[in-house]
Amino acid sequence: MTSIALVDDHRVVSRSLKAYLESFPEFAVVGIAASGEELLEHLDEWKPDVVLQDLLLPGGVHGIETTKRILARATSTRVIALTASIDEARLVGALRAGASGYVRKDAEPETLLAAIRAVVRGRTYIDRAAEPLLAGGGGGSELTARETDVLRQLALGRSNREIAAALDIGDETVKTHVANLLAKLGVDNRAQAMVQALKRGLVSLDDLESL
């Protein structure tokens, strides 16, 4: 069973979401918070596998900062950012903070279910509504052919060991390539690198959803 904490200052929204999620036997909502501070206060007690949180939270700790603090204390917890509007600054900010998912608040229920199931499997999930933000471009320096291969595998959610097996190279070589491509792309983590892979056309949202 996947334990879930909800963070939203609209209690009606949270309670409706709780009722919906708990209609599936695989999910249990272990707590509801109205602010980042309240979630952090109960984090050690609730120990959620997944946190669904609004990016625009009241109080002194906004959604992106809450994500950072959650992951500093609970490294195995996955955070899905819920947003009222899709924009690149919020997408990149959430992923840079360590969020594993980015979903519109008005998304279809099936989208949210897919996001939760994806992040539990260690994948990153981006709402298809963000697709226009991921068309073309891609920042940072040019990658070598091998770094491009590694980035494609990384974007598909493969571990270093899986990448090594797929490309028939050593684990340490993969680590070196990952470090180099993150530096060249100017990103901090694999989720941000995945965005760059999407922008460069190395993978598509269809590829990610089929995993």
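The structure holds 18 salt bridges, a salt bridge being a side-chain nitrogen of Lys or Arg within 4 Å of a carboxyl oxygen of Asp or Glu. The model is a predicted one, in which local features need pLDDT of at least 70 and side-chain atom pairs count only at pLDDT 80 or more, while totals for chains, interfaces and linings use all residues. Residues are numbered from 1 along each chain as its sequence is written, and side-chain values use heavy atoms, with hydrogens and water left out.

Among these salt bridges is the one in which the side chains of Lys105 and Asp8 meet, at 2.8 Å from N to O. This pair links distant parts of the chain, for Lys105 is in the loop between strand 5 (101-104) and helix 5 (109-120), whereas Asp8 is in the loop between strand 1 and helix 1 (11-21), 97 residues apart. Helices (H or I, at least four residues) and strands (E, at least two) are DSSP runs, numbered from the N terminus. Asp8 counts as buried, at 4% relative accessibility, while Lys105 is partly exposed, with a relative accessible area of 33%; buried means under 20% relative accessible area, exposed over 50%, and partly exposed in between, with a 1.4 Å probe and protein chains only.

The side chain of Lys105 also meets that of Asp54 in a salt bridge, at 3.0 Å from N to O. Here too the pair links distant parts of the chain, with Asp54 in strand 3 (residues 50-54) and Lys105 in the loop between strand 5 and helix 5, 51 residues apart. Asp54 counts as buried, at 6% relative accessibility. Through salt bridges that share partners, Asp8, Asp54 and Lys105 are joined into one network.

Another salt bridge is formed by Glu26 with Arg117, the closest N and O atoms being 2.8 Å apart. Glu26 is in the loop between helix 1 and strand 2 and Arg117 is in helix 5, 91 residues apart, so that this pair as well links distant parts of the chain. Glu26 is partly exposed, with a relative accessible area of 32%, and Arg117 is partly exposed, with a relative accessible area of 31%.

In helix 2 (residues 36-46), the residues Gly36, Leu39, Leu40, Leu43 and Trp46 are buried. They lie on the same side of helix 2 because they cover an arc of only 135° around the axis, the arc being that of the directions from the helix axis to the C-beta atoms. The buried residues of helix 2 pack against strand 1 (2-7), strand 2 (27-33) and helix 3 (63-73), where contact means heavy atoms within 4.5 Å. The face turned away from the buried side of helix 2 carries the exposed residues Glu41 and Glu45. Just after helix 2, Lys47 takes a positive phi of about 45°.

What remains is the empty space. Rolling a probe the size of a water molecule over the atoms shows where empty space is left. On a 1 Å grid over the protein atoms alone, a cavity is a set of points where a 1.4 Å probe fits but cannot get out, and a pocket is an open set with protein on both sides within 12 Å along at least five of seven lines; lining residues have an atom within 4 Å of a point. Grid points are joined across faces, edges and corners, and a volume is the space filled by probe spheres set on the points.

A search of the whole structure finds one cavity of 30 Å³ or more, and about 40 Å³ of space lies in the largest cavity. Its lining is made by Leu6, Val7, Asp8, Val13, Ser14, Leu17, Leu52 and Leu82. Strand 1 and helix 1 are the elements that give two or more residues to this lining, and helix 1 supplies the largest share, three residues.

The largest pocket holds about 370 Å³ of space. It is lined by 22 residues, of which Gly122, Arg123, Thr124, Arg190 and Ala191 lie nearest its centre. Helix 6 (145-155) and helix 9 (190-199) each supply at least two residues of the lining, and helix 9 gives the most, with three residues.

Helix 9 also contains Gln192, which counts as buried at 4% relative accessibility. Leaving aside residues up to four places away in sequence, Gln192 touches Val92, Leu95, Arg96 and Val187.
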